[in-house]
Amino acid sequence: MAIGSGMSAQIGYGLESTPGVAVDPTLFLPFRSESLEDTRERVNSESIVAGRRVLDDDNWNGGPITVGGMVQHDLYDRGLGPLFKACFGGKATSGSGPYTHVFTPGALSSYTIQKGVPDVAGTVHPMTFAGNYVASFELAGEAGAIGSLGITWAGMTAQAGSRVVTDGVTTNASTTVTSASAVFSDADLYKSISGTGIPANATIVAVASATSITISAAASATGTGVSITIGKALATASFPSSQKLAKWNHAALTIGGTSVPIKGFTLSGDNALATDRRFLGTKHIAAPLEAGLRSYTGTFDTEFTDLSLYNRYLSGETFSVVAGFAIGTYSFGAVMNARFEPGSTPKVANTGIVPQSHSFTCIGSTDAAAITFNVTNGDVSIP
């Protein structure tokens, strides 16, 4: 039995073939925290019921469903490639031991995210989120701290829990599945369902009663006493081996090819996704689509050493920024073409050393010229 606290939690990712169709996670990573949520709104009628002062229990129904949230990871020298691919979209791999993976702005893919949430008795419950796209991300390094990667996901569907019944009944060419022991309820809606005669990637689309459901695709065989799995089972976590943490002493930043002593930096991306694509006939959103220019921005903090950085701001020039981490022969980071944004003016607050904060935006003659994220490590391939 697992420990009955967050110490037994896990996060796993899987690249989907069809957006919104949950797959088994194949990448597991240590994580700091998560806020993934299945938000099911309630729609209340404004109809008048004579003499009633309180909402009648017949005058409300289920509303829109919104899925997503943030996952916060530490930065490691290997194993994070699929997340960088999810953030940027474009990827090319070359070399051999170590390998070089180059990520550029490109078409985004969808991912299944499964979190394992332990209850106080030590049972770890699977909660599976499908059709997830990276809405935004932030990579950060700070003096005295381990580097971090926070990703905000926008998803399509979610399901919680998994159980198996052994008295399932299927009928060839029928979408009706029954089980005397399943005790189906509306909590089973949208869950994955699998078993002999049930098509791959089928889901529960309607609950007729405690013993009968409708699935998304017709059964391919007639059977009784069928073992049926309801919900996506908790995957067994297997973590990348020999990962090394990336921390402050591994970090560096250069401006125009010159190293700049920094207190910390952030690199943020916003993929400008339309996450409100709602249509008649479903409570869920359709797959998020890009609906605007992507934004890649950054910040870094220095001591005020001279006017050189401030003059770059005043002149409005563009310049190269390279920010990242190097651990032995492995490294990862961004190569950017940028301009400074307002806020770089040094300000004296006390008798201490004068600080200077800088914010920049990536721009370029091509998307790749604006920003390229390079990873060199021992990962052979990145899906």
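**A walk through a predicted model**

Helices (H or I, at least four residues) and strands (E, at least two) are DSSP runs, numbered from the N terminus. Phi of Val183 is near 50°, which is a positive value in a residue other than glycine. At 59% relative accessibility, Val183 counts as exposed. Here buried means under 20% relative accessible area, exposed means over 50%, and partly exposed is in between, with a 1.4 Å probe and protein chains only.

A word on the source. This is a predicted model, in which local features need pLDDT of at least 70 and side-chain atom pairs count only at pLDDT 80 or more, while totals for chains, interfaces and linings use all residues. Residues are numbered from 1 along each chain as its sequence is written, and side-chain values use heavy atoms, with hydrogens and water left out.

Ser242 also has a positive phi in a residue other than glycine, near 60°. Ser242 sits in the loop between strand 17 (223-230) and strand 18 (251-255), and with a relative accessible area of 53% it is exposed. Another backbone feature is the peptide bond from Gly97 to Pro98, which is cis, with omega near 5°. Pro98 belongs to the loop between strand 6 (89-95) and strand 7 (99-105).

Now the whole chain. The protein chain has 3 helices and 27 strands. Its C-alpha atoms fill a box of roughly 75 × 65 × 45 Å along the principal axes. Of the 383 residues, 43% are buried. Contact means heavy atoms within 4.5 Å. Among contacts with a separation of 6 or more, 69% are between residues 24 or more positions apart.

Where does helix 1 sit, enclosed or exposed? All 8 of the 8 residues of helix 1 (residues 81-88) are buried, so this helix is largely enclosed by the rest of the structure. Lys85 is one of those buried residues, as are Phe84 and Phe88. Gly89 follows helix 1, and its phi is positive, near 105°.

Next, the interior. In soluble globular proteins, nonpolar side chains tend to be buried together. A nonpolar core is a set of buried Ala, Val, Leu, Ile, Met, Phe, Trp, Tyr and Cys residues joined through side-chain atoms within 4.5 Å. The largest one has 52 residues, and those with the most contacts inside it are Tyr13, Phe84, Trp153, Phe300, Met336 and Phe373. Leaving aside neighbours within four places in sequence, Tyr13 is in contact with residues including Pro25, Leu83, Ile113 and Trp153. A second, separate core of 13 residues includes Val165, Ala202, Ile204 and Ile228.

On to the rings. How many aromatic pairs does a search of the whole structure find? The search finds 15. Rings of Phe, Tyr and Trp (its six-membered ring) pair if their centres lie within 6.5 Å; planes under 30 degrees apart count as stacked, over 60 as edge-to-face and the rest as tilted. Phe265 and Phe325 make a tilted pair, 5.9 Å centre to centre with 45° between the planes. Phe265 lies in strand 20 (residues 264-270) and Phe325 in strand 24 (residues 318-327), so the pair ties together parts 60 residues apart in sequence. Both Phe265 and Phe325 are buried. The ring centres of Phe300 and Phe360 are 6.3 Å apart and their planes are at 45°, so this pair is tilted. Phe300 is in strand 23 (residues 295-303) and Phe360 in strand 26 (residues 355-362), so this pair too ties together parts 60 residues apart in sequence. Ring pairs also link a cluster that includes Phe84, Phe88, Phe265, Phe325 and Phe373.

Last, the largest pocket. On a 1 Å grid over the protein atoms alone, a pocket is an open set of points where a 1.4 Å probe fits, with protein on both sides within 12 Å along at least five of seven lines; lining residues have an atom within 4 Å of a point. About 540 Å³ of space lies in the largest pocket, where grid points are joined across faces, edges and corners and the volume is the space filled by probe spheres set on them. The lining has 29 residues, of which Gly20, Val21, Tyr190, Asn201 and Thr203 lie nearest the centre. Strand 11 (157-160), strand 14 (193-194) and strand 15 (204-209) each supply at least two lining residues. The lining divides into 15 nonpolar, 12 polar and 2 charged residues. For that count, Ala, Val, Leu, Ile, Met, Phe, Trp, Tyr, Cys and Pro are nonpolar, Asp, Glu, Lys and Arg are charged, and the others, Gly among them, are polar.
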